[in-house]
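Please open the model and keep the sequence beside it. We will walk through it together, one piece at a time.

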Amino acid sequence: MDIETFFQNQNNKKQLKILTCGSVDDGKSTLIGRLLFDSKNIYSDQLSQTKIESEKYGTQGKQIDLALLIDGLQAEREQGITIDVAYRYFETEKCKFIIADTPGHEEYTRNMVTGASNSDVGIILVDATKGILDQTKRHTFILSLLGIENIIVAVNKMDLINYDEKKFKDIIASFKNFAREFNFNLQKFIPISALVGDNVFQKNKNISWYNGKSLIDELEEISLKEPLEEEIFSLPVQFVNRLSSDFRGYSGTITSGKIKVNDEVQVFSSKEKIKIIKILTPKGESDFAVKGQAVTLTLDKEVDISRGDLLCSVKNHNYFLSDQFASHIIWMNKEQMIPERNYIFKFINFQTIGKITDLVHKININSFEKIASKFLNLNEIGYTKVALNKNTIFNPYKNNKKLGSFVIIDQFNNQTVGAGVIEYELRRASNISWHQMSINKNLRSSINGQKPCVLWFTGLSGSGKSTIANIIEQKLHKLGKHTYLLDGDNVRHGLNKDLGFTDVDRVENIRRISEVSRLMVDAGLITIVSFISPFKSERKMARELVDSDEFIEIYVNTSIEECEKRDPKGLYKKARSGKLKNFTGIDSNYEIPSSPEIILETKIKSAEELADEVILYLKQYNKI
Amino acid sequence: MKLSHIDKLESESIHIIREVASEFVNPVMLYSIGKDSSVMLHLAQKAFYPNKIPFKFMHIDTTWKFKEMINFRDEISKKYNLDLLVHINQEGVRNNINPISSGSKIHTDVMKTQSLIQALDKYKFDAAFGGARRDEEKSRAKERIFSFRDKKHRWDPKNQKPELWNLFNTKIDQGESVRVFPLSNWTEIDIWQYIYQENIPLVPLYFSKIRPIIRRNDMMIMVDDDRLKIKENEKIEQKKVRFRTLGCYPLTAAVESDATTVEEIIIELLESKYSERQGRLIDNDQIGSMEKKKQEGYF
């Protein structure tokens with residue numbers, strides 16, 4: 001074959017991303033194995049490897065088990081099921097296919113959603129011997145929710161029902177009946193047998209009553225919507241390229257429309273208008289670029305644009321800049337979704353802290369019923385209202401998938417716990433829930449971009465608590481964090497000037513400080529408390545007044561000998577000479593903390609280094 | 001204008017590379033000298049054009065690579081002014097770990113997997129690009145594009161983070177890292193077509209030439225230096241051969257071929273009945289062996 005003709009053919013092939021969904025016994029892996037096998041996209045060494053594995057794990061007796069070509073993980077081969085999303089590649093004369101192979105069981109709904117998020121076409125497998133099941137409805141609902149416009153219902157195992165036309169037609173009728181409310185652009189029904197290959201690639205005489213196309217012909221003919229001529233241009237800025245001083249460009253992938261040199265566009269957040277000077281595409285400098293291309297643009301003037309901004313057409317757009325919207329969310333984690341809890345929301349080029357303020361209802365994905373609920377569990381889908389800490393640019397998912405989707409990340413374990421599609425913007429004025437909400441701790445602290453907590457310093461007099469605490473407060477202040485430092489000596493001049501140094505007074509001293517620090521945490525502040533606080537029980541009381549992750553006990557470990565040597569205020573000298581009673585470490589006890597969050601060793605490191613250790617801790621635990 | 005399949009893959013990969021540059025503090029691109037690495041390097045150049053690539057490259061040298069690979073690496077690094085690190089597991093060298101007497105499993109583990117982990121720890125990289133493709137091997141087919149590694153660089157296939165749309169979870173704690181695979185959705189033929197269209201330079205070993213080989217375990221092994229001891233029943237033959245993938249020379253089988261250009265390779269590939277990883281001895285140790293190696297930290 002002539003190589004140029006080959007490339008021309010390759011370049012004319014369209015790319016189609018398809019999702020296959022079906023449950024364990026529907027023959028989904030067999031169908032994909034069949035597609036790869038019949039399209040001759042399997043090499044003979046892979047086939048002979050599969051033959052070896054068929055003998056070990058196969059379900060087809062002596063025959064080669066095509067499903068084993070697909071199930072890639074050891075556990076899957078052993079259990080004969082598909083656990084995760086796998087991606088497969090094959091091509092025909094007209095088309096290059098990327099298949100997302102996803103499991104269909106309800107406990108793997110999240111995997112199916114993942115596969116569907118990047119697919120153009122959904123193939124829903126129905127077992128002909130069983131007909132329409134709850135899972136068929138679930139698959140159809142998910143495809144519709146994820147905005148897939150083309151679906152093919154493949155009624156499989158026709159060989160097992162003797163290619164019965166009436167049964168096939170009954171299945172179609174009942175599918176159409178429940179799928180009425182979903183607006184698929186294209187909806188086709190094909191009777192197949194993946195095991196024998198009927199109607200997958202070749203039409204088969206066994207099903208002579210079927211006049212339609214084979215599965216592969218149907219797929220090849222699907223035409224994806226091309227961007228409309230009038231579609232508006234949008235480019236979320238992903239990366240600002242100013243890696244050298246003489247060049248400044250804005251990089252990103254065009255998510256809708258097209259752009260030409262000299263076009264006027266706007267920076268969406270500031271509404272500032274700019275002109276396109278150069279367009280650098282992967283193929284070099286060009287006069288224009290279109291949706292899907294990863295480009296770098298240079299502009300006619302220097303404006304303030306950073307990652308997270310959107311460049312778009314000046315007119316006729318329907319983008320939003322808002323901090324609240326309504327969305328469908330699928331929950332993907334074992335730990336349930338709890339309204340009002342803070343999560344990270346990641347959009348195409350931006351992430352921020354936010355929360356689900358309301359779970360309006362959850363959806364029974366088998367019957368489509370709306371159910372009232374307080375939580376979403378793993379694999380459940382809910383209709384929700386979301387409030388973010390910062391304004392975000394978005395577009396409803398149905399208009400622009402890239403600008404209308406987000407994932408939810410747990411702040412503490414970094415897991416991807418959920419995903420959502422934006423339905424519409426909620427304006428503050430029209431969002432009732434916002435007004436009903438009382439301002440609470442989370443809201444106060446979210447303004448500051450910090451999580452309130454108590455840094456509780458404990459240690460002997462002269463151990464260095466106040467010095468380190470002071471440096472920490474300065475550092476936090478520089479980082480723009482809101483803090484307050486409660487120092488033992490200072491508080492005793494005012495709030496606690498009626499208290500002495502007896503054990504009873506010491507306890508009352510700490511009780512008051514604990515209450516004050518609780519109020520300050522509630523006010524959203526990072527509260528630094530620097531007291532000797534010698535008793536375990538009072539430190540525990542202070543700890544229990546705030547949430548468990550808000551109390552950080554810091555033991556400043558300096559030996560009594562060292563403190564006495566330093567004696568900055570001359571107190572040890574006084575105590576030794578008997579002029580000062582009830583002095584901690586001399587004639588009053590100090591109880592060493594058994595499990596403080598942080599221990600600072602003052603003998604080894606400087607106060608500055610120790611302060612940095614605490615700052616690092618706060619960063620690691622996402623307090624700041 | 002309609003984007004072709006290759007155009008779409010190209011933009012997708014560039015998007016991934018830029019995302020890493022935006023979201024990570026200290027990324028590195030693993031450079032294995034092979035064709036996939038060459039494509040990845042080419043895409044990285046496009047991603048940041050006209051400026052220089054804003055991260056380092058790293059080659060994990062097992063000391064058993066073909067000589068031509070090392071020469072090519074140094075030429076490319078100089079030509080494109082790459083910030084290239086070369087890491088060798090010196091402890092492995094001291095213990096005389098090698099693919100011949102230690103066996104492929106131990107050699108790969110010590111000189112590739114352990115060596116890579118050493119280097120990642122040494123330089124504290126938080127993201128490492130790799131050129132792996134999902135069509136290469138079944139367990140790769142299930143791996144995420146942004147694939148999380150714990151503090152010990154382990155992959156947990158059953159606990160992967162869901163990856164939707166092109167939204168990548170880049171959040172990690174200190175000491176953890178991600179492996180990023182910008183070529184995930186490319187197939188072997190896509191890679192070759194792209195190399196042809198973009199005229200990407202390759203190690204000459206991919207092209208057929210008369211080379212000295214011996215036959216061992218039903219494979220043709222090239223005699224690249226005198227560390228490969230010829231056994232009594234073996235003899236060196238001069239054969240016109242090339243390599244479909246490149247690795248340590250005693251572990252990489254040659255194929256007989258007349259293909260001396262990229263066009264001829266593509267034609268040969270289209271007619272071939274064998275997949276490219278067949279030339280890799282390390283994959284076939286046992287069923288599921290790639291999955292095991294990846295869990296231990298292999299790319």
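Let us begin with a pair of facing residues: in chain B, Met58(B) has Leu85(B) of strand 3 as its bridge partner. Strands here, like helices, are DSSP runs numbered from the N terminus, with at least two residues (E) for a strand and at least four (H or I) for a helix. Strand 2 of chain B, residues 56-60, runs parallel to strand 3 of chain B, and four bridges join them; two strands count as paired if DSSP finds at least two bridges between them.

Before going further, a word on the ground rules. This is a predicted model, in which local features need pLDDT of at least 70 and side-chain atom pairs count only at pLDDT 80 or more, while totals for chains, interfaces and linings use all residues. Residues are numbered from 1 along each chain as its sequence is written, and chains are lettered from A and ligands numbered from 1 in the order in which they are written.

Now step back to the sheet in chain B. Six strands form an open sheet with mixed pairing, in the order 3-2-1-4-6-5. Its edges are strand 3 (84-87) and strand 5 (146-149) of chain B, each of which pairs on one side only. From one strand to the next the twist averages 30 degrees, where axes are lines fitted to C-alpha atoms, for helices over the stretch in contact, and angles run from 0 to 180 degrees between N-to-C directions.

Some loops of chain B deserve a look as well. In the loop between helix 3 and strand 3 of chain B you will find Asn81(B), a residue other than glycine whose phi is positive, near 55 degrees. Asn81(B) counts as exposed because it has 9 C-beta neighbours inside 10 Å; the scheme calls a residue buried if 20 or more other C-beta atoms, placed from the backbone, lie within 10 Å of its own, exposed if 12 or fewer, and partly exposed in between. Trp165(B), in the loop between strand 5 and strand 6 (177-180) of chain B, is not a glycine either, yet has a positive phi of about 45 degrees. With 19 other C-beta atoms within 10 Å, Trp165(B) is partly exposed.

The axes of helix 1 (residues 5-23) and helix 2 (residues 35-48) of chain B come within 9 Å and cross at roughly 70 degrees. These two helices of chain B are therefore roughly perpendicular to each other, the word used for 65 to 115 degrees; under 35 is roughly parallel, over 145 roughly antiparallel, and the rest oblique. Helix 1 of chain B contributes Glu10(B), Ser13(B), Ile14(B), Ile17(B) and Arg18(B) to the contact, and helix 2 of chain B contributes Leu43(B), Ala44(B), Lys46(B) and Ala47(B). Contact means that the C-beta atoms of two residues, placed from the backbone, lie within 7 Å.

How is chain B divided by the domain assignment? Domain 1 of chain B covers 5-191 + 288-296, and domain 2 covers 202-284; such bounds come from an automatic or database assignment. The centres of these two domains of chain B, taken over C-alpha atoms, are separated by 24 Å. Between them, 22 residues of domain 1 of chain B are in contact with 20 residues of domain 2 of chain B. On the domain 1 side of this contact in chain B, the largest share, four residues, comes from helix 3.

Finally, turn to chain A and its strand 22 (residues 405-409). Five of the five residues of strand 22 of chain A are buried, so this strand is largely enclosed by the rest of the structure. Ser405(A), Val407(A) and Ile409(A) lie on one side and Phe406(A) and Ile408(A) on the other, and both faces are covered. Strand 18 (residues 342-347) of chain A runs antiparallel to strand 22 of chain A, joined by three bridges, with Ile344(A) partnering Ile409(A). Strand 23 (residues 416-425) of chain A also pairs with strand 22 of chain A in the antiparallel sense, over five bridges, and here Ile409(A) stands opposite Thr416(A). Strands 22 and 23 of chain A form a hairpin with six residues between them, and Asn414(A) in the turn has a positive phi of about 65 degrees.
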